[in-house]
Amino acid sequence: MVLRTDNTVSAAGATGAAGSGGRIMLAHGGGGQLTDSLIAQTILPRLGNDVLRDLLDAAIMEGGSERLALTIDGYVVQPWRFPGGDIGRLAVSGTVNDLAVCGARPVGLALGMIVCEGFAVGDLDGILRSVAETAAEAGVSVVTGDTKVVGRDQGDGIYLTTAGVGVVRRGLRLHPDQVRPGDVLIINGPIAEHGLAVMLARQMPDMSIAVRSDVSPLSRMIERVLEAVPDDVVFMRDPTRGGLAGAAADLAARSGLRVVLEETAIPVSRAARHAAEMLGIDVLDVANEGKVLIVARPGAAERVLAVLREDRYGAGAAVIGRVEEARDGICELRTLLGGRRIVQKPYGEQLPRIC
Amino acid sequence: MSRTPAECGEALGRLRAAAAALGRAVRFMEVCGTHTVSAFRCGLHSVMPENVTLLSGPGCPVCVTAQGEIDLLIDLALRGDVTLCTYGDMMRVTGSSGSLEKARGRGADVRVVYSPMDALALAAARPDRQVVFAAVGFETTAPGTAITVLEARRRGIGNFSVLASHKLVMPAMLALLESGRINVQGFLCPGHVSVITGSEVYRPIVERYGLPCVVAGFEPLQMALGLALLAEMVRDGRPALENVYRQAVSADGNRRAQQVLREVFEPADTTWRGLGTVPASALVLREEFAPFDARRRFHLLQRHVPEPPGCRCGEVIMGVCTPAQCRLFATVCNPTNPVGPCMVSSEGTCQAWFKYRRTTEAQAAQERGGIAAMETGGTRRAPGSARDGV
């Protein structure tokens with residue numbers, strides 16, 4: 001993907017956000033409003049161009065007779081192994097999913113590793129096994145790479161960067177400007193599991209809570225959806241950092257339409273709900289790494305759901321919202337009380353409550 | 001606890017029936033940041049009867065922490081020998097010069113912890129560092145601090161100390177009532193705090209001020225039920241103390257926690273942002289725990305810092321004005337660049353309004369106009385007023 005700096009944990013970008021005092025804060029890497037302002041105020045002024053400014057999950061470029069998708073992501077997750085996965089599975093899934101949601105079939109991955117002095121070779125081998133297995137599952141290979149080792153005091157454990165190239169399905173153009181009133185929002189299963197699993201593993205390693213990361217490569221499942229309804233999927237996002245709230249609020253802002261989510265329709269496991277309540281955070285704000293938010297024409301909803309539910313990563317698929325007429329670019333949640341409230345992109349780093 | 005829409009609908013039905021029978025406007029107040037956030041998250045305000053308003057009182061511990069105290073934390077964090085441990089909510093609170101989050105960006109060693117025991121473990125592991133825990137919160141978090149101080153003494157961990165800013169809810173509620181500045185007809189009493197204090201502590205509000213009190217949890221159903229009971233008691237002219245959160249809150253509370261609090265802390269007067277000095281509303285370490293008191297260890301002197309010009313957080317906390325009535329709200333004050341304390345914490349009233357209720361800045365301005373009209377005797381629900389939510 002373009003210009004994201006990390007997954008769920010800590011990261012850095014550059015300076016420039018209002019009120020930052022000229023220094024990078026962890027929240028600048030949180031994938032929320034502060035990350036957006038960093039991109040807008042610091043990165044785009046230097047690097048902006050027509051492709052980059054689209055800020056899609058992957059850049060789409062003409063490559064001879066094909067359209068190519070290119071994406072890159074850095075992975076700094078701590079701990080590097082967490083319930084449900086590890087940094088290797090994450091690095092492949094994140095990049096593959098960024099290509100897939102742009103309608104591209106991944107054709108090759110590049111893997112950069114920064115390993116800290118003292119890291120166990122056995123652990124590195126385990127991570128590489130995980131990379132290989134996940135890539136095989138997605139039907140893609142790591143075709144080039146780079147390895148650097150830094151001193152103990154320069155980093156923490158291991159960081160991975162994966163870039164991916166994909167070929168975009170012919171005739172397909174997934175873009176927020178394709179979205180129309182009446183379109184439906186579909187998700188392939190319960191949300192918030194990756195972010196919660198990592199937060200709990202990091203902050204409360206002794207707590208036994210049954211939340212496992214959903215990290216998984218979705219490219220094959222998404223390809224089957226596109227084969228089934230090639231003309232009726234209009235846009236897709238993988239709701240990673242910033243969660244479903246970030247993806248849905250972005251969709252509203254970029255389409256200029258009202259997006260309505262139905263709280264009672266959004267799948268959330270009991271364990272994830274309890275963990276989020278304990279930490280005082282909103283499940284909508286929490287990162288996913290094995291979810292895709294699909295915007296489809298209403299007539300195709302049943303077909304999309306059926307295809308998703310045939311897949312191991314789509315058993316919990318559900319229609320969770322719709323696009324409405326109002327041209328205000330707002331995302332709204334209809335709550336189980338029958339009330340309404342705004343859904344905004346989270347601010348930055350997720351901070352637990354104190355009472 | 002049930003989350004079914006049917007039961008919520010039933011509770012809301014009772015609230016609507018009582019409100020209709022009342023035939024006049026009533027205002028209730030919650031004094032718990034978790035209630036504030038829960039009400040906004042579940043869209044409670046948008047389904048309440050037009051003549052019932054739920055105000056947010058001084059229930060967010062971060063919001064009521066005086067700016068001078070934040071300054072002390074930042075100064076401490078910027079000392080080279082100190083590792084400052086804090087709950088996450090404190091990271092973005094602005095003192096007179098920046099926040100802990102920004103201090104961390106400048107190189108200060110600031111760690112977010114989930115429990116004071118994590119800070120103590122860090123102190124034990126790093127005897128070369130002075131580890132200070134920023135002890136903020138109401139009766140809910142104070143027992144954890146007390147137990148950690150006892151544990152530090154038992155284990156003789158000399159490089160650990162706490163900067164205690166704990167506050168007590170009940171003195172603040174009484175101070176609000178005594179001030180004569182608030183106009184509320186009942187209280188939705190906090191859930192977590194009451195687990196420790198017990199529900200009986202609110203009895204004086206019923207007996208002395210004739211106002212109904214309901215202790216409620218945080219689920220939409222609990223809050224809706226709490227409001228329904230309050231409205232019914234006002235309708236019937238029979239104020240009482242009710243508890244709909246019996247699965248967690250008893251009449252007497254958690255005696256063991258209360259005893260630990262008495263052992264480690266003693267009450268003291270303290271400044272609440274927005275309320276001023278409230279007698280016997282803080283918990284400070286007793287003399288025998290002086291070695292673990294960061295104020296004494298580092299000879300800290302708290303300065304009085306005036307509130308930022310134009311900021312109406314004090315009135316928001318008192319429930320005498322809504323965020324949208326503040327000229328700074330959503331114009332220069334927002335969660336990325338908070339001016340006042342209520343915009344800083346995720347449980348602050350202003351941030352909750354900004355996050356869940358504001359639509360556009362134009363609408364925020366419209367809300368200001370609408371509410372101004374409402375307060376000056378205009379219609380209660382002007383088009384696009386805050387009560388319309390989104």
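Biologist: What makes strand E2 (residues 66-75) and strand E7 (residues 158-168) of chain A a pair, and which way do they run?

Modeller: In this predicted model, E2(A) and E7(A) are joined by 8 bridges and run antiparallel; since pairing asks for at least two bridges, the two strands count as paired. Within E7(A), A:Ala163 is the residue that stands opposite A:Ile72.

Biologist: Why are strand E1 (59-63) and strand E6 (142-150) of chain A said to stand at the edges?

Modeller: The open sheet has 5 strands in the order E1-E2-E7-E5-E6 (chain A), with mixed pairing. E1 and E6 of chain A each have a single partner strand, so one side of each is left without a neighbour in the sheet. On average, neighbouring strands of this sheet are turned by 20° against each other, direction ignored.

Biologist: Why is helix H2 (residues 33-41) of chain B called roughly parallel to helix H15 (residues 349-356) of chain B?

Modeller: Their axes come within 10 Å and cross at roughly 10°; because angles under 35 degrees count as roughly parallel, H2(B) is roughly parallel to H15(B). H2(B) contributes B:Thr36, B:Val37, B:Phe40 and B:Arg41 to the contact, while H15(B) contributes B:Thr349, B:Ala352 and B:Tyr356. By class, this contact has 4 nonpolar, 2 polar and 1 charged residues.

Biologist: How many residues of chain A are in contact with chain B, and which element gives the largest share of that side?

Modeller: On chain A, 31 residues are in contact with 46 residues of chain B, and the largest share of the chain A side, 3 residues, comes from E14(A). By class, that side has 15 nonpolar, 9 polar and 7 charged residues.

Conventions. Residues are numbered from 1 along each chain as its sequence is written. Chains are lettered from A and ligands numbered from 1 in the order in which they are written. This is a predicted model: local features need pLDDT of at least 70, side-chain atom pairs count only at pLDDT 80 or more; totals for chains, interfaces and linings use all residues. Axes are lines fitted to C-alpha atoms, for helices over the stretch in contact, and angles run from 0 to 180 degrees between N-to-C directions. Helices (H or I, at least four residues) and strands (E, at least two) are DSSP runs, numbered from the N terminus. Angles under 35 degrees count as roughly parallel, over 145 as roughly antiparallel, 65 to 115 as roughly perpendicular and the rest as oblique. Two residues are in contact if their C-beta atoms, placed from the backbone, lie within 7 Å. Ala, Val, Leu, Ile, Met, Phe, Trp, Tyr, Cys and Pro count as nonpolar, Asp, Glu, Lys and Arg as charged, and the others, Gly among them, as polar.
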